[in-house]
Amino acid sequence: MFDHLPRATLATLPTPLEAADRGSADGPRLWIKRDDLTGLGGGGNKARKLEFLCGEALAAQAKALVTVGAAQSNHCRMTAAAGSRLGLEVHLVLSGDAPVRAPTGNQLLSTMFGAQMHYTGAAESHWGELEIAREALTDELAEEGLAPGSIPIGGSTATGAVGYALAFVELIEQCAASGFVPRAVAVTSSSGGTHAGLLAGRAALIATGRLDAATAPDVVAIGVAKGVNLGHPDVAALADDALALMQVDATVDPEDVEVDTRWLGDDYAEPTVAGAAAIDWAARRGGWLMDPTYSGKGFSGMLGQIDEGRWTADDDVVFIHTGGWPALFA
Ligand SMILES: Cc1ncc(COP(=O)(O)O)c(C=O)c1O
């Protein structure tokens, strides 16, 4: 399903699957899939997407990468690290203005990895404005002969999503080695590519008879940005496009696209009380580092669903820890 696709080796895989405390006394067995430990440039979910996105760019003779994100984008930081590993010039189109003092968090790391930062002054959630700026910069770099690999927000193309189809397969194999099929796999979702990839992986395993449709885990996305909260049908379409790239004859039922939008709070990157409590839970029970924009909010949604009694003590549920710790220092 994956071997025919161009791929750059960037991530340290497989990532560990660790047992956690139960979220409540009668709650499910809880597992943490440590995709915060993918290795590349401080780790996180984007390393898996970038393996396929950079593979595609290198196959097209790219000499540069361009991508886009919020001021504290983990995706941009990891793209910067990928470029430094692969010898590609990296340009990041960011929301907000250049920091007045020294850069912090992901911006500091992106600068260390040698990326060129292009601040647009755009608001955090104005993705459309950012994408227009990315396209303009891509054209400029193409005219300079750099044949840039141009990556939309979050790396959420079908090619990027393939990285998470592979992650789903890896996870199910790890669970099988520990003797269980999870009841649910929960993940933090923003631009939707991670979610779409997991759904594609699930559909691929069902289509190839490696997972029973009746007992296949639910994929539960916790939405932390308005983009994905509004875009359910796009997640199914993206997953279908990823399946086509993988040459798997299957589609995702839009009914299987589940985005829990209740944990976003006021907006993207606006901290929530539940998110802060989830960050403390993770830090104090497992030494896991979560952040207020992504994994902390996502994990708060999962803990919230455990509190609501969605799963029983006989169920195993997995939270995919997608990373994001550098924002703790921003
Ligand atoms: C730490 C972290 N978790 C989760 C996500 C969400 O991934 P996606 O954009 O594929 O929905 C991101 C995206 O930037 C992220 O940085």
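Is E308 buried, partly exposed or exposed, and what is its relative accessibility? E308 has a relative accessibility of 48% and therefore counts as partly exposed. Here, buried means under 20% relative accessible area, exposed means over 50%, and partly exposed lies in between, with a 1.4 Å probe and protein chains only.

The structure is a predicted model, in which local features need pLDDT of at least 70 and side-chain atom pairs count only at pLDDT 80 or more, while totals for chains, interfaces and linings use all residues. Residues are numbered from 1 along each chain as its sequence is written, and side-chain values use heavy atoms, with hydrogens and water left out.

## Domains

The chain is divided into domain 1 (17-44 + 156-329) and domain 2 (46-155); such bounds come from an automatic or database domain assignment. Taken over C-alpha atoms, the centres of domain 1 and domain 2 are separated by 24 Å. Domain 1 gives 33 residues to the contact and domain 2 gives 28 residues, where contact means heavy atoms within 4.5 Å.

Helices (H or I, at least four residues) and strands (E, at least two) are DSSP runs, numbered from the N terminus. Four strands form an open sheet in the order 5-4-3-6, with parallel pairing. The edge strands, each pairing on one side only, are strand 5 (116-119) and strand 6 (149-151). From one strand to the next, the twist averages 15°. Two strands are said to pair if DSSP finds at least two bridges between them. In general, strands of a sheet pair through backbone hydrogen bonds, either parallel or antiparallel.

Strand 4 (residues 89-94) runs parallel to strand 5 and is joined to strand 5 by four bridges. The bridge partner of L92 in strand 5 is M117. Helix 2 (residues 74-86) lies across strand 3 (64-69), strand 4 and strand 6, and runs at about 170° to strand 3. For such angles, axes are lines fitted to C-alpha atoms, for helices over the stretch in contact, and the angles run from 0 to 180 degrees between N-to-C directions.

G114 is found in the loop between helix 3 (105-112) and strand 5. With a relative accessible area of 51%, G114 is exposed. From C-alpha to C-alpha, G114 and L53 are 19 Å apart in space, and they are 61 residues apart in sequence.

The expected span of a helix is 1.5 Å times one less than its number of residues. For the 20 residues of helix 5 (residues 158-177) the span should be 28 Å, and the end C-alpha atoms are 29 Å apart, which agrees. Because 17 of the 20 residues of helix 5 are buried, this helix is largely enclosed by the rest of the structure.

T188 is found in strand 7 (residues 184-189) and is buried, with a relative accessible area of 5%. Not counting residues up to four places away in sequence, T188 touches I222, V224, Y294, S295, G298, F319 and T322.

## Salt bridges

Side chains of opposite charge can pair when their charged atoms come close. A salt bridge is a side-chain nitrogen of Lys or Arg within 4 Å of a carboxyl oxygen of Asp or Glu. By this rule, the count comes to 16 salt bridges. A network of salt bridges links K33, D35, R48 and E170.

| Salt bridge | N to O distance |
|---|---|
| D218 and R310 | 3.3 Å |
| E258 and R310 | 2.6 Å |
| E308 and R262 | 2.7 Å |

The salt bridge of D218 and R310 links distant parts of the chain: D218 is in strand 8 (residues 218-223) and R310 is in the loop between helix 10 (295-307) and strand 10 (316-321), 92 residues apart. D218 counts as partly exposed at 24% relative accessibility, and R310 counts as partly exposed at 30%. E258 lies in strand 9 (residues 258-260) and R310 in the loop between helix 10 and strand 10, so this pair ties together parts that are 52 residues apart in sequence. E258 is partly exposed, with a relative accessible area of 25%.

The salt bridge of E308 and R262 also links distant parts of the chain: E308 is in the loop between helix 10 and strand 10, and R262 is in the loop between strand 9 and helix 9 (273-286), 46 residues apart. R262 is partly exposed, with a relative accessible area of 49%.
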